[in-house]
Amino acid sequence: MSADSADAPAPAPPTNDSADSTDSIDPSAAPRPSDFVRLLRAQRVWDTELPDFAPATTPDGPLPLFEQWFAEAVTAGQVEPHTMSLATADAEGLPDVRTVMLHGADREGWHFASHAGSRKGRHLAARPYAALGFYWPAQGRQIRVRGPVTVAPPEVAQADLHARSAGALASALVGRQSEVLDSYGELERASDAAWDRARREPDAPAPSWTVYVLDPDEVEFFQGDARRRHVRLTYRRTDDTWRKDLLWP
Ligand SMILES: Cc1cc2nc3c(=O)[nH]c(=O)nc-3n(C[C@H](O)[C@H](O)[C@H](O)COP(=O)(O)O)c2cc1C
C-alpha cells in the first residue's frame with residue numbers, strides 16, 4: 001500500500017521542543033512542523049501502477065461499471081472492498097459518517113443493513129437520503145453513490161441476517177446500537193447470551209435489524225492518475241435513463 005511505500009522518506013526522529021532554549025528561537029523562522037505533521041507529509045497516495053480508465057467505453061448505467069470495478073478490486077487484492085462509508089444527516093441537517101458493509105447492489109439499489117434505532121437509523125427515518133463512499137487504493141479508485149433510501153420489508157432483513165454467520169446474528173441480537181453503555185461487562189454479558197441464543201436458534205428474529213436500499217440518483221467513478229489528471233465520470237439519473245458527464249478533478 002502506498003502509505004507504507006519503501007521509498008517514502010523515513011519519519012524524522014522525535015524532537016523535544018520543550019528543551020529548546022528561548023535564546024535559540026528565531027522569531028522570523030517559520031514554525032517547525034510537529035512530528036505528526038512530518039509523519040503525515042511522508043505518506044504517499046497513488047504510489048502504485050494505476051489502471052487506465054476510458055469513459056468513452058463505459059456502459060449506459062452505473063451498475064455494470066460498479067460490478068466490474070468491484071470484481072477488479074477483488075482481483076487487485078484490495079482489502080475489504082465491500083466496506084463503505086455511509087453518510088447521513090439528522091433532522092437539522094447535521095451530517096455524520098461511519099463504515100458499513102455492502103450487502104448487495106442490483107436494479108433496486110445499493111443494500112446495507114443496520115439497527116433502526118441506531119443513530120444512522122434515526123437519521124434515515126428523519127431524512128431518508130444518504131451517500132456511500134468506496135475507496136479502493138490498490139487501484140486509486142473511488143466511487144460515490146447518493147440518493148433516496150427506502151426500508152426493505154422486515155422479512156428481507158431477517159432472511160439477510162439468517163443467511164450470515166452466527167456472529168452476525170449474535171451481534172444483531174445484542175441490539176441497542178448507539179445507546180450509551182454503562183460498562184463493558186454489561187456488553188460481555190449481553191453478548192454471551194446472544195451467542196448462546198444464536199447457536200441454539202439460528203432463525204432467532206432480531207426485530208430492529210433493518211435492510212436499507214439506496215436507489216442512486218447520482219454515481220461517480222473516480223480513477224486516480226499519477227500526473228494528477230484524474231478521471232471523474234458521473235452518472236446522473238434523468239427520468240428513466242442516465243446522463244454521463246466528465247467532471248474537472
Ligand atoms: C469494517 C466495518 C464494517 C461495519 N459494518 C457495519 C454494518 O454493516 N452495519 C452496522 O450497523 N454497523 C457496521 N459497522 C459499525 C459502524 O461503523 C458503526 O460503528 C455503527 O453502525 C454505529 O453507527 P451509528 O451510531 O452512526 O448508527 C461496521 C464497522 C466497521 C469498522
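## A glycine after helix 5

Just after helix 5, Gly-175 has a positive phi of about 65 degrees. Helix 5 itself covers residues 166-174. Five of its residues are listed as buried: Leu-169, Ala-170, Ser-171, Ala-172 and Leu-173.

What covers these buried residues of helix 5? The cover includes helix 4 (154-162), helix 6 (184-200) and strand 7 (209-214).

Now move on to Arg-176, which sits in the loop between helix 5 and helix 6. Is Arg-176 buried or partly exposed? Arg-176 is partly exposed, because 14 other C-beta atoms lie within 10 Å, and a residue needs 20 or more to be buried. Along the chain, Arg-176 and Gly-117 are 59 residues apart, yet 7.3 Å separates their C-alpha atoms.

## The whole chain

Let's step back for a wider view. The protein chain has 249 residues, and 22% of them are buried. Its secondary structure comes to six helices and 10 strands. Take the contacts between residues at least 6 apart in sequence: 65% of them join residues at least 24 apart.

How far can you trust the picture? The mean pLDDT of the chain is 90, and 90% of the residues reach 70 or more. Residues 1-22 have a pLDDT below 50, and this stretch has 23 contacts in the model beyond near neighbours in sequence. Where pLDDT is low, the predicted coordinates should not be read in detail.

## The nonpolar core

The largest nonpolar core holds 37 residues. Which of them touch the most other members? They are Leu-132, Tyr-212 and Leu-214.

Leaving aside neighbours within four places in sequence, Tyr-212 is in contact with Phe-112, Ala-113, Leu-124, Val-149 and Val-151.

Strand 1 (residues 83-89) pairs with strand 2 in the antiparallel sense, over seven bridges. At one place in this pairing, Thr-83 stands opposite Met-101 in strand 2. The two strands form a hairpin with five residues between them, and in this hairpin Gly-93 takes a positive phi near 95 degrees.

How many of the seven residues of strand 2 are buried? The count is zero, and strand 2 is hardly covered. As background, side chains in a regular strand alternate between the two faces of the sheet.

Strand 3 (residues 104-106) contains Gly-104. With 14 other C-beta atoms within 10 Å, Gly-104 is partly exposed. His-82 is 22 residues away from Gly-104 in sequence, while their C-alpha atoms are 9.2 Å apart in space.

Methods:
Residues are numbered from 1 along each chain as its sequence is written. This is a predicted model: local features need pLDDT of at least 70, side-chain atom pairs count only at pLDDT 80 or more; totals for chains, interfaces and linings use all residues. Helices (H or I, at least four residues) and strands (E, at least two) are DSSP runs, numbered from the N terminus. A residue is buried if 20 or more other C-beta atoms lie within 10 Å of its own, exposed if 12 or fewer, and partly exposed in between; C-beta atoms are placed from the backbone. Two residues are in contact if their C-beta atoms, placed from the backbone, lie within 7 Å. A nonpolar core is a set of buried Ala, Val, Leu, Ile, Met, Phe, Trp, Tyr and Cys residues joined through C-beta atoms within 7 Å. Two strands pair if DSSP finds at least two bridges between them. pLDDT is the predictor's confidence in each residue, from 0 to 100.
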